[in-house]
Amino acid sequence: MIEVKNVTKRYNNKTVLDDVSVTIRKGKITSFIGANGAGKSTLLSLISRLNKKDEGDILIEGDPIDKCKSGDLAKKISILKQSNHINVRLTIRELVSFGRFPYSQGKLKPEDWEYVDEAIRYMELEDLQHQYLDQLSGGQQQRAFIAMVIAQNTEYVLLDEPLNNLDMKHSVQIMKVLRRMVDELGKTVIIVIHDINFASVYSDDIVALKNGRVVKEGPAAEIIDSSVLKQVYGMDIQIETINDHRICVYFA
Amino acid sequence: MKKKLIFLAVIALALIAVFMLIQAGGHWDYVLKLRGKKVLAMIITGGAIAFSTVVFQTITNNRILTPSIMGLDSLYMLFQTFMVYIFGSAGLTAMGKNVNFIISVGLMGLFSMVFYKLLFKREGQNIYFLLLLGLIFGTLFQSLSTFMEVLIDPNEFQIVQDKMFASFNNVNTELLVLSIVLMAGTAIYFSRYTKYLDVIALGKDQAVNLGVDYDKVVKRMLVVVAILISISTALVGPITFLGLLVANISYQFMKTYKHHFLILGSMLLSIIALMGGQLLVERVFTFSTTLSVIINLAGGIYFLYLLLKESKSS
């Protein structure tokens, strides 16, 4: 369980997160939704220690994250940012092998390579594994980075807009993989996502943010509700049930 | 990968052998001692420059930067010019090489420490901010040096000008020993951080995600870079362009992301470049030019080639 308690974050006196408290359940997919600038990505980067909070506490299984050693945290929690430009020329397999760094400190043992192989298989990248990242499409790159996170084998997996720049097919593919990671491997996945229909269909819990504050958090079905979404996005959103999925219609 | 390293090592050793043995004329104990000293100086400065450049480029995630952007070379030149300006070239000679060396290293060390202290005091400071400040300080030091150079006697300026170019022609033995001890100490201190280099090359966010205590590790690495650059500059003069050259050749030649190969490769290349350059200076140009000039010429041509190749491929 991850507990965020009364966290505040400011950039040069501009408050981007204001007294935010959120509880994230273990073994579930939790989506952060909200308009641009609502503070979703900032909250994710605070939980993953990429950024430092100004006030409040963030506890991971009861331990404050700023008290934990960075090397130990890397075995518990992993983060994938939305833009992953890498200056080094790497093959998929080399990239994925970096996921084992917290365990091997760069000297991979046979069991580390097993994790690497497993992660590559999981993301169906076997055929591409010796290709260089710069020769791949956006979707393939994204899968490679997710494979790296899988190889890192952390209890908590944080992803900042994993569907950014992906087409429908690849978006569905990625979301299905995340769902499987939760259902089959027992991971806890936290994502920042813009497409509320993906959030509705694939996540267990949703946290809705607006202007640096939590509007509402709870099971997906409770948040995907016309009145809640009106508060979050400031627009009227009609909700239809199609094949037991709550789908938001907001295009017209 | 190991084959490539062995290949480089063989070339380096061959050049060292040629350098040691060519035209010795029978006075073995004299010649070997004199040349051995030069070879040693070239190995340690070459190694230090190559090493610190690769580390610096990895930290900054930029392959066209050299540590000279932090302004250490300029500070060294400012100090030398200042001494000549105040005390004259006679004063510089009277001070002795040892004292000059120690003050220069001390000054550069102090400058980097104060620089880093000020900078890292504020949390979340961007590394590019540090580089920008370094650039500004470097320019300031350079302008001050130029100002004094214009004012001094042309003969005295000759002395200053000599200092601007790296030279291995008269390296002091005591300084050499001292430098080796200092550099070896630094290398041992640094060795436990080398494993982080591959991960840091992926960028800050990835490094943090993979459990690297980024701020702490980068700070230590920058200190090591500053120490190595200070020592080699004070020993032979400003020669950081060499680092840019050999680091990039090493990336191209080794074709790997693994830093222990990249670093070893660049160090060997650096030794090869210095040995080959010095041989040219001594045997072909018979001391009518300096090593820096040859390295800058070769390096400049190589960079033009790189630029042309890049623009063709894109």
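Thr188(A) counts as buried, since its relative accessibility is 0%. Keep in mind that this is a predicted model. Thr188(A) sits in strand E8 of chain A, which covers residues 188–192. Leaving out residues up to four places away in sequence, Thr188(A) touches a run of chain A residues, namely Ile24(A), Arg25(A), Lys26(A), Gly27(A) and Lys28(A), and also Glu155(A), Tyr156(A) and Val157(A).

Ile24(A) turns up again in the contacts of Phe32(A). Beyond four places in sequence, Phe32(A) also touches, among others, Leu43(A), Leu44(A), Ile47(A), Val207(A) and Leu209(A), together with Ile190(A), Ile191(A), Val192(A) and Ile193(A). Which residues have the most contacts inside the largest nonpolar core? They are Phe32(A) and Met221(B), and that core has 184 residues. Helix H10 of chain B, residues 214–236, supplies its largest share, 14 residues. As background, nonpolar side chains in soluble globular proteins tend to be buried together.

Now two single positions. Ile239(B) is in the loop between H10 and helix H11 (241–254) of chain B. Ile239(B) is buried, because its relative accessibility is 8% and the limit is under 20%. Sequence neighbours up to four places away aside, Ile239(B) touches Ile49(B), Asp73(B), Ala166(B), Phe168(B), Leu274(B) and Ile295(B). From Ile239(B) to Met113(B), 126 residues apart along the chain, the C-alpha separation is 22 Å.

Val215(A), by contrast, is partly exposed at 27% relative accessibility. Val215(A) belongs to strand E10 of chain A, residues 213–219. Outside four places in sequence, its contacts are Ala208(A), Leu209(A), Lys210(A), Gln231(A) and Val232(A).

Next, the salt bridges. Over all chains there are 18. One of them pairs Arg10(A) with Glu55(A) at 3.0 Å, N to O. Arg10(A) is in strand E1 (residues 2–11) and Glu55(A) in strand E4 (residues 55–60), so this pair ties together parts of chain A that are 45 residues apart in sequence. Both ends are partly exposed: Arg10(A) has a relative accessible area of 33%, and Glu55(A) is at 40%.

Asp112(A) and Arg100(A) form another salt bridge, with the closest N and O atoms 3.0 Å apart. Asp112(A) lies in helix H5 (residues 110–122) and Arg100(A) in the loop between helix H3 (92–98) and helix H4 (101–104) of chain A, so the parts tied together are 12 residues apart in sequence. Are these two partners buried or exposed? Asp112(A) is buried at 3%, and Arg100(A) is buried at 4%.

In chain B, Arg283(B) and Glu282(B) form a salt bridge at 3.8 Å. Here Arg283(B) is partly exposed at 29%, while Glu282(B) is buried at 8%. Separately, Arg179(A), Asp183(A) and Asp204(A) are joined into one network by salt bridges that share partners.

Last, the interface. Contact involves 18 residues of chain B and 26 residues of chain A. The buried area is about 1900 Å², and carbon and sulfur atoms give 60% of it. Asn209(B), Leu210(B) and Tyr257(B) supply 34% of what chain B buries there, more than any other three residues. There is 1 salt bridge between the chains, formed by Asp205(B) and Lys81(A) at 3.5 Å, N to O. Helices H8 (197–200) and H9 (204–209) of chain B each supply at least two residues of its side, and H9(B) gives the largest share, 4 residues. By class, that side has 8 nonpolar, 4 polar and 6 charged residues.

Methods:
Residues numbered from 1 in each chain as written. Chains lettered and ligands numbered in written order. Predicted model: local features only at pLDDT ≥ 70, side-chain atom pairs only at ≥ 80, totals over all residues. Heavy atoms only, no water. Contact = heavy atoms within 4.5 Å. Buried area = accessible area lost by both parts, 1.4 Å probe. Salt bridge = Lys/Arg side-chain N within 4 Å of Asp/Glu carboxyl O. Nonpolar A, V, L, I, M, F, W, Y, C, P; charged D, E, K, R; others polar. Core = buried A, V, L, I, M, F, W, Y, C linked by side-chain atoms within 4.5 Å. Buried < 20%, exposed > 50% of the residue type's maximum accessible area, 1.4 Å probe, protein only.
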